[in-house]
Amino acid sequence: MGCHALIDYMLQNHEAPTTMVICSSREAFLVGLQSSVQADNLNGNTVDSTPPDASIHPLLIPTIHQLAASSTITIAFTPSLLHLRAYLACYAPARDSEPTSNTSARRGSQSAMLVIYGLLKLHRDTTEYSVQGLSRSLAIAVEAASTWRMRLTLVEPLEDTQLPAPEPIMETGAVSPPDPWSEQVPLLNSSLAPTNGSTWAGRTVEVGAVVARWCSISRP
């Protein structure tokens with residue numbers, strides 16, 4: 001999911017208080033968001049009321065709904081595993097946020113959310129990209145969400161948001177985007193971080209199987 005698609009989803013489906021944890025620096029996230037919006041404009045993925053060639057993306061239009069909904073979302077940036085785990089271990093939502101009128105009217109379909117964007121990607125280039133490392137982070141995240149009765153949502157960024165999204169047509173032999181949930185990881189942490197093209201020695205487990213012990217996975 002692209003950065004802008006995640007933000008749009010949260011604006012439409014959350015209830016206060018909601019927290020969005022970005023597993024990167026603020027600068028890197030803003031660059032990705034800008035690229036995602038530009039790619040979306042190139043694909044013509046705009047709302048019905050906006051012409052495909054409009055220069056302003058719908059997400060950038062300060063409507064009353066977007067201003068009201070965004071004021072109830074807390075954003076935190078955790079550029080490393082140490083930052084992420086420390087933040088989640090001490091997590092307490094901002095309880096001074098009041099639900100918007102739109103939220104109150106649709107309370108049955110919405111809930112307070114703890115969204116973590118890029119958890120797998122944050123682990124990928126570390127020695128803790130394993131069943132052991134992922135389980136440790138997921139346990140902390142699930143405990144934080146459970147303590148405050150929030151819906152934990154894990155979202156992984158697109159590998160390259162600068163490129164237009166592929167056509168939603170699946171044909172025999174067609175190349176589909178990499179699925180982060182299908183990657184293989186070792187059981188235990190390694191002393192060396194993985195490199196591009198490297199393979200693990202010994203038994204490995206699919207990332208999706210690890211995450212499925214804690215959350216349900218919804219693939220696009």
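Predicted model: local features only at pLDDT ≥ 70, side-chain atom pairs only at ≥ 80, totals over all residues.
Residues are numbered from 1 along each chain as its sequence is written, and side-chain values use heavy atoms, with hydrogens and water left out.

Let me begin with the charged pairs. A search of the whole structure finds 2 salt bridges, a salt bridge being a side-chain nitrogen of Lys or Arg within 4 Å of a carboxyl oxygen of Asp or Glu. In one of them Glu 128 pairs with Arg 85, and their closest N and O atoms are 2.8 Å apart. Because Glu 128 lies in the loop between α6 (119–124) and α7 (131–147) and Arg 85 in helix α4 (residues 81–89), this pair ties together parts that are 43 residues apart in sequence. Helices here are DSSP runs of H or I with at least four residues, strands are runs of E with at least two, and both are numbered from the N terminus. Glu 128 counts as buried at 16% relative accessibility, and Arg 85 is buried too, at 9%; buried means under 20% relative accessible area, exposed over 50%, and partly exposed in between, with a 1.4 Å probe and protein chains only.

The side chains of Arg 124 and Glu 183 also meet in a salt bridge, at 3.2 Å from N to O. Arg 124 lies in helix α6 and Glu 183 in the loop between β4 (151–155) and β5 (184–186), so that pair joins parts 59 residues apart in sequence. Arg 124 is buried at 15%, whereas Glu 183 is partly exposed at 26%.

Turning to the cysteines, there are 0 disulfides, meaning pairs of cysteine sulfur atoms within 2.5 Å. Cys 90 counts as exposed at 64% relative accessibility, while Cys 215 counts as buried at 17%.

Gly 202, in the loop between β5 and β6 (204–206), is exposed, with a relative accessible area of 64%.
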